[in-house]
Amino acid sequence: MNGSAQRTLLITLTGRDRPGVTSRLFRTLSEFPLTVADVEQVVIRGRLVLGVLVTYDEGTDIGRVWTAAERVANDLDMEIEMSTGRDKGLPSRRGRLHVTVLGAPLRPAAMAGIAGRIAAGGANIDRIERLAHYPVTCIEMDVSGADPEALRAGLAIEAAERQVDVAVQHGGLHRRAKRLIVMDVDSTLIQGEVIELLARHAGCLDEVAKVTEAAMRGELDFEGSLRERVALLAGLDASAIDEVRGQVELAAGARTMVRTLKRLDYKFAIVSGGFTQVTDALVEDLGIDYSAANTLEIENGKLTGRVVGPVLDRAGKATALERFAREAGIPVSQTVAIGDGANDLDMLQAAGLGVAYNAKPVVRQAADTAVNVPYLDTILFLLGISRDEVEAADAADAAFRDA
């Protein structure tokens, strides 16, 4: 066309889904000198919407194309819309953003508010897809023409007002390439804080819990607060660690998330301000690739109230993420960090994608996105992995084991 406007025909078929609709339409279109420029198809509750954009030369008898397409729609008992036009450049798929919405429940008002914010920013929603309907509803939108930072800021406000979670990420290879997950442990991978479980055995839970809460909010230096709390455990019999290890409960969805990502050849790491006496068991149980944590000092079968060596603090977690990425041969830009406390901030900011999981306000504000539902496997949806894909893979594995 040498820069001149292309002639286009947009065909949209709508109706009950059934096998063969797409092939029937394209067989008919193949009888004419057309070029396929774009195709979009979605099925909602058994109802199909198929859109096909074709280009054609000036000499093409578009009336015959129109008649043939209408005949297909009539034969299939479907509705059809067609419109011709000119387009100097077909829409590019580069530069698109993924907007992921999580709600439990997800109300129409929330979707209206989010769509309104997108439109107000001069952006367009090109595609909408449901990734999950339980334990939360997850909707993903492809958005074009938006400034990422402005859109993220506007949607964060809307998400808070509508009580949903919204994530904004760049699309394309940038999103698909994230291959190392680095996760905090206490109150993220597992429920609760290990040091508080130990403090319950030592009879100092209230004192330890107060210091923990202040440290998580960023009000106290982590290293100082950890040493203060560990000192309160001095004299505790080391057998209490075995009891605590048995009391640890994984967060809801943790096994599903780790299993699914390992199946996709992701590397998985944990970094913890807690203790190797507990994290080592998690590594073995879940098949985790890398780990870093503090170690409680034990002498004569009792806790001394000290840790061995330097404390793994906020900066240490970020350093560990970078080390794990080097060992895995993965750029830091292709990492995902997940955490909930101020001690995770440097790690979240260093990663390619930082996710605040049921986090304190200071962490939610600093992270790339926040998830505030109590299901860790919802992180999969941020990576574009649907619930149906997870269940299909689980079923295939089960069938293989039973064979």
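Helices (H or I, at least four residues) and strands (E, at least two) are DSSP runs, numbered from the N terminus. The model is a predicted one, in which local features need pLDDT of at least 70 and side-chain atom pairs count only at pLDDT 80 or more, while totals for chains, interfaces and linings use all residues. Residues are numbered from 1 along each chain as its sequence is written, and side-chain values use heavy atoms, with hydrogens and water left out.

**Exercise 1.** Locate D344 and decide whether D344 is buried or exposed.

Solution. Begin with the chain: D344 sits in the loop that runs between β14 (335-339) and α13 (345-350). Next, take the accessibility, for which buried means under 20% relative accessible area, exposed over 50% and partly exposed in between (1.4 Å probe, protein chains only); because its value is 1%, D344 counts as buried. Finally, list the contacts (heavy atoms within 4.5 Å): leaving aside neighbours within four places in sequence, D344 touches D184, K317 and G339.

**Exercise 2.** Give the strand order of the open sheet of 6 strands, and describe how a helix lies across two of the strands.

Solution. Two strands pair if DSSP finds at least two bridges between them, and on this basis the order is β11-β10-β9-β14-β15-β16, with parallel pairing. The edge strands are β11 (290-294) and β16 (369-371), each of which pairs on one side only. For the angles, axes are lines fitted to C-alpha atoms, for helices over the stretch in contact, and angles run from 0 to 180 degrees between N-to-C directions; neighbouring strands of this sheet are turned by 20° against each other on average, direction ignored. Strand β10 (residues 267-275) is joined to β11 by 4 bridges, and A269 has Y290 in β11 as its bridge partner. Helix α11 (residues 276-286) lies across β10 and β11, running at about 160° to β10.

**Exercise 3.** State which residues of the lining lie nearest the centre of the largest pocket, and which element supplies the largest share of the lining.

Solution. The lining comprises 30 residues, of which E40, Q41, V42, R127 and I128 lie nearest the centre of the largest pocket. A pocket is here an open set of points on a 1 Å grid over the protein atoms alone, where a 1.4 Å probe fits, with protein on both sides within 12 Å along at least five of seven lines, and lining residues have an atom within 4 Å of a point. The largest share, 9 residues, comes from β6.
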